[in-house]
Amino acid sequence: MFDVLLSGRLRGGAQLRTASNGSPFATFRLAAASKTGESLLCSCVSFSQSVIDVVKGLGDGDSLAVSGEAAISTWQGQDGVARLGLDVTAYAVLSAYHVGRKRTPAATAAPRAGAQQ
């Protein structure tokens, strides 16, 4: 396993489930574009309530950034070609809906130290 920080688009919606011990978890897929233009499909699971709360409000195609542990996976596509993917255990996520303005508007910004009035 290795730590990852990746971004992409949600494919389908999140599936909300309950483990045999009663703990909630979510599974979802993330398509991350490579520099060749192909997408790498990442299968994600999270047991974090904050992650579950975010992904259950998102839909197919929404942008998402995921942080967590990953392992490389392989499978054979319908065309018989071997495919690569990532299995990710997500500890934190960030969507475009959770990003605020980076800067305050000039009219409400506090004067900088040493600035001439």
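**Contacts and burial in a predicted model**

User: Phe-47: buried or exposed?

Analyst: Phe-47 is exposed, at a relative accessible area of 54% (exposed means over 50%, buried under 20% and partly exposed in between, with a 1.4 Å probe and protein chains only). This is a predicted model, where local features need pLDDT of at least 70 and side-chain atom pairs count only at pLDDT 80 or more, whereas totals for chains, interfaces and linings use all residues. Residues are numbered from 1 along each chain as its sequence is written, and side-chain values use heavy atoms, leaving out hydrogens and water.

User: How many aromatic pairs are there?

Analyst: The structure has 1 aromatic pair (ring centres of Phe, Tyr or Trp, the last by its six-membered ring, within 6.5 Å; planes under 30 degrees apart are stacked, over 60 edge-to-face, the rest tilted). Phe-25 and Phe-47 form this pair, which is tilted, with 5.5 Å from centre to centre and 40° between the planes.

User: What does Val-88 touch?

Analyst: With neighbours within four places in sequence set aside, Val-88 is in contact (heavy atoms within 4.5 Å) with Val-4, Leu-6, Cys-42, Ser-43, Cys-44, Val-45, Val-66, Glu-69 and Ala-70. Across the protein, 53% of the contacts with a separation of 6 or more are between residues 24 or more positions apart.

User: What share of the residues is buried overall?

Analyst: The share is 28% of the 117 residues of the protein.

User: Now charges. How many salt bridges does the structure hold?

Analyst: The structure holds 3 salt bridges (a side-chain nitrogen of Lys or Arg within 4 Å of a carboxyl oxygen of Asp or Glu). In one of them, Arg-11 pairs with Asp-60, with 3.9 Å between the closest N and O atoms. Arg-11 is in strand E1 and Asp-60 in the loop between H1 and E4, so this bridge ties together parts 49 residues apart in sequence.

User: Are those two partners buried, partly exposed or exposed?

Analyst: Arg-11 is partly exposed, at 33% relative accessibility, whereas Asp-60 is exposed, at 55%.

User: Which side chains meet in the other bridges?

Analyst: Lys-56 meets Asp-53 at 3.7 Å, N to O. Asp-53 counts as partly exposed because its relative accessible area is 40%. Asp-79 meets Arg-83 at 2.8 Å, N to O. Arg-83 is likewise partly exposed, with a relative accessibility of 35%.

User: Last one, Phe-2: which strand is it in, and what is its accessibility?

Analyst: Phe-2 lies in strand E1, which spans residues 2–18. Phe-2 has 39% relative accessibility and therefore counts as partly exposed.

Technical notes. Helices (H or I, at least four residues) and strands (E, at least two) are DSSP runs, numbered from the N terminus.
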